[in-house]
Amino acid sequence: MRQGGDTIAAVATPLGAGGVGILRISGPQAASILAQVTDTHADELRDRYFSYGHVQQDGRRLDEVLFVLMRGPRSFTGEDVAEIHGHGGAANLAELLRCVIAAGARHADPGEFTRRAFENNRIDLTRAEAIADIVNASSAKALRVAQEQLAGSLGGIVNSLIASVVELSAEIEAGIDFPEDGLSEIERTKQSQQANDASRQCLDLASSFGVGRVLRDGVDVVLRGAVNAGKSSLFNALVGRERSIVAPAAGTTRDYVEAQVVWEGLTITLVDTAGIRQSSEAESIEGQGIEMGAARAQQADLELFVVSSGEVAESGESERVMIVRSKCDLETADRDAPGIATSAKAGTGLEDLKRAILTRVTQGASESAEGCVVTNERQRQRLEAAGGYLKAAAGLIDRNAPAELTIVELSAARNCLAEITGEEVGDEMLDALFARFCIGK
Ligand SMILES: Nc1nc2c(ncn2[C@@H]2O[C@H](COP(=O)(O)OP(=O)(O)O)[C@@H](O)[C@H]2O)c(=O)[nH]1
Ligand SMILES: [Mg+2]
């Protein structure tokens, strides 16, 4: 990532046909570049007022546009920010961007606008990450979690945890300076309780990652079972369209087919795999397909083991495996057999199956006491570490250990928490974090 200080530009809207496309410019030269490309006087540019005009290059009109200047520090990045609203369309926006680059801006790196907002203290790291999550949200629930995080719910909780740890440290530190006063049993109990409470809150938030991940990324559900069990038919019935080939000939689905559905606001990726059977040659295309399907099934959150009615399931229910009976419209169907009874042909049992899947994948997944969830592994890991240090600190207080030792644990906890909000964070980590943003964000 290059140093800030120069002026960056990028197309902020997706490249494709659209009514309006937006070009964003940020940096010390934003105003002068905007004035130059719109052939306006810099003093005519009023802060936060939209103007109508044209982008021109060498006296030639490129597009009819609306433009606005938002002077720093009251802007998204904290720098001067200009926006040019032109007509949508990849070719038009590319031409406008070329014109802005020719006027002195450079192409922005992925996430560079948001990174500047973070580095200029406009937003903390939890909110920067929430922006990426909002942009990428594929379901209503994922969007809600990201919006809450953008509103500062996680940042707020982490900041109050930091405040509580700092306060406790100060109190203990004061005890070092006046050791003759000694610490009463009551005070010690109170301090250890405070450390324990903070620890529990950290661990509670860390464990919300289970549900946070499910809400943000959705879950993978894979269909497995013998060839001809009716997996592809069930898959199509659940997806609601013909996505996977269904045929009476065994071995029709060669490797695996995926489709995304959104059920009750939750993104579910359904995966149809090749059936399980000993292929005549392990090296055959079908054999490879079966292996690919098995590998894909390994990564799934839940496996639907499909068994034709009238046949015996060769796999049992488990935490990861749900038995589903197919073809229940057939005469041979056994009503008392285990598993959820479905018929792709008659369309029966599908709602029961959906409900069972949703219950299973959200099982035990509760949001933290504050109703806030942690959505990425980085946050989870830092919270768990902070929780560990705080617990250790509480133990030291209980044992009346030297105050210096307790303070070491508390400051380690504080550093972990500060990494979540980005108060204390290395360049390398920021590079990795912003690299997952798209250009123009
Ligand atoms: N009667 C009946 N036949 C079904 C049903 N689902 C699938 N089949 C038939 O079973 C055969 C295998 O289906 P398919 O979905 O390709 O199974 P897969 O190999 O497990 O993917 C096909 O001939 C389907 O028409 C069902 O609900 N009822
Ligand atoms: Mg199939």
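**Entry 1: ligand 1.** Which polar side-chain atom lies 3.3 Å from an oxygen atom of ligand 1? I looked it up, and the atom belongs to Ser343. A polar contact here is a pair of N or O atoms within 3.5 Å; within protein, one must be able to donate a hydrogen and the other to accept it, and residues adjacent in sequence count only if both atoms are side-chain atoms. I also checked the backbone: an N or O atom of Ala344 lies 3.0 Å from an oxygen atom of ligand 1, and one of Ala229 lies 3.2 Å from an oxygen atom of the ligand. On its own, ligand 1 has 580 Å² of accessible area, and the protein covers 84% of that (Shrake-Rupley method, 1.4 Å probe; for residues, only the protein chains shown count as cover).

**Entry 2: ground rules.** I am reading a predicted model, in which local features need pLDDT of at least 70 and side-chain atom pairs count only at pLDDT 80 or more, while totals for chains, interfaces and linings use all residues. Residues are numbered from 1 along each chain as its sequence is written, chains are lettered from A and ligands numbered from 1 in the order in which they are written, and side-chain values use heavy atoms, with hydrogens and water left out.

**Entry 3: the shell.** I found 17 residues around ligand 1, and Asn228, Lys231, Ser232, Ser233 and Asp329 come nearest (near means that a heavy atom lies within 4 Å). By class, I noted eight nonpolar, five polar and four charged residues in the shell. Ala, Val, Leu, Ile, Met, Phe, Trp, Tyr, Cys and Pro count as nonpolar, Asp, Glu, Lys and Arg as charged, and the others, Gly among them, as polar.

**Entry 4: domains.** The assignment, which is an automatic or database one, gives domain 1 (8-124), domain 2 (138-208 + 369-422) and domain 3 (224-361). I read a separation of 42 Å between the centres of domains 1 and 2, taken over C-alpha atoms.

**Entry 5: an open sheet.** I traced six strands in the order β3-β4-β5-β2-β1-β6, with mixed pairing. β3 (51-57) and β6 (106-107) stand at the edges with a single partner strand each, so one side of each has no neighbour in the sheet. Strands are DSSP runs of E with at least two residues, helices are runs of H or I with at least four, and both are numbered from the N terminus; two strands pair if DSSP finds at least two bridges between them. β3 and β4 (residues 60-70) run antiparallel, joined by seven bridges, and Gly53 has Val65 as its bridge partner in β4. In the turn of their hairpin I spotted Asp58, with a positive phi of about 50°. Five bridges join β4 to β5, also antiparallel, with Phe67 partnered by Ile84.

**Entry 6: β8 and β9.** These strands pair antiparallel over eight bridges, and Val257 has Asp272 as its partner in β9.

**Entry 7: Glu351.** I placed this residue in helix α11 (residues 350-361). Glu351 counts as partly exposed because its relative accessibility is 49%.

Key:
Buried means under 20% relative accessible area, exposed over 50%, partly exposed in between (1.4 Å probe, protein chains only).
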